[in-house]
Amino acid sequence: MSERLKAGDTAPAFTLPDADGKQVSLADHLGRKVIVYFYPAALTPGCTTQACDFTDNLEVFAGAGYDVIGISPDKPEKLGKFRETENLKVTLVADEDKSVLEAYAAYGEKMNYGKTYLGVIRSTIVVDEQGKVEHALYNVKATGHVAKLLRDLKIAAA
């Protein structure tokens, strides 16, 4: 398991397929700030809440100079269904082998109902224009996370 990222670290590079199979790279966003968020599974209640919150605030983030990319271990086809079902506008990419999740320390041991297992750790990494980590937030809650992020980044909500 990778060590958790912290402010000042270089964000691990990635190129992953989006819901349409188009390759999306972190490098494509150099010169803009990027919010990279990791979530366990498309079409689940918490992940839907979070993706809808990001979609609802996408223009606010964009106006403040931020792009948003959501990463999960789902297949691109499932991400497409998620996007269509929930009318999502946020960029969703597939990390089926979990290599990017692991590089960002967003995959590891979790505990639920007293049982320990490996899974996606809901996390958000804010990357600056030069590809450096500005904020690294781990074990975030799906509900209310986007509102808190807007406050923390001092971005006025719509």
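1. Aromatic pairs come first: with rings of Phe, Tyr and Trp (its six-membered ring) taken to pair if their centres lie within 6.5 Å, the count comes to seven aromatic pairs. The rings of Tyr37 and Phe54 have centres 4.4 Å apart and planes at 25°, so this pair is stacked, the cut-offs being under 30 degrees for stacked, over 60 for edge-to-face and tilted for the rest. Tyr37 lies in strand β3 (residues 33-38) and Phe54 in helix α1 (residues 45-56), 17 residues apart, so that the pair links distant parts of the chain. Both Tyr37 and Phe54 are buried, where buried means under 20% relative accessible area, exposed over 50% and partly exposed in between (1.4 Å probe, protein chains only).

2. This is a predicted model, in which local features need pLDDT of at least 70 and side-chain atom pairs count only at pLDDT 80 or more, while totals for chains, interfaces and linings use all residues. Residues are numbered from 1 along each chain as its sequence is written, and side-chain values use heavy atoms, with hydrogens and water left out.

3. The rings of Phe61 and Tyr66 have their centres 6.4 Å apart and their planes at 75°, so that pair is edge-to-face. Phe61 is buried with a relative accessible area of 0%, and Tyr66 is buried with 7%. Ring pairs link Tyr37, Tyr39, Phe54, Phe61, Tyr66 and Phe82 into a cluster.

4. Five strands form an open sheet of mixed pairing in the order β5-β4-β3-β8-β9, where two strands pair if DSSP finds at least two bridges between them, and where helices (H or I, at least four residues) and strands (E, at least two) are DSSP runs numbered from the N terminus. The edge strands are β5 (91-94) and β9, each pairing on one side only.

5. Strands β8 (residues 123-127) and β9 (residues 133-138) run antiparallel and are joined by five bridges; among the bridge partners in β9 are His135 for Val126 and Val133 for Val127. The two strands form a hairpin with five residues between them, and Gly131 in the turn has a positive phi of about 85°.

6. Helices α1 and α5 (residues 145-152) pack at an angle of about 40°, with their axes 8 Å apart; axes are lines fitted to C-alpha atoms, for helices over the stretch in contact, and angles run from 0 to 180 degrees between N-to-C directions. The two helices are therefore oblique to each other, given that angles under 35 degrees count as roughly parallel, over 145 as roughly antiparallel, 65 to 115 as roughly perpendicular and the rest as oblique. Gln50, Asp53 and Phe54 in α1 meet His145, Val146 and Leu149 in α5, contact meaning heavy atoms within 4.5 Å.
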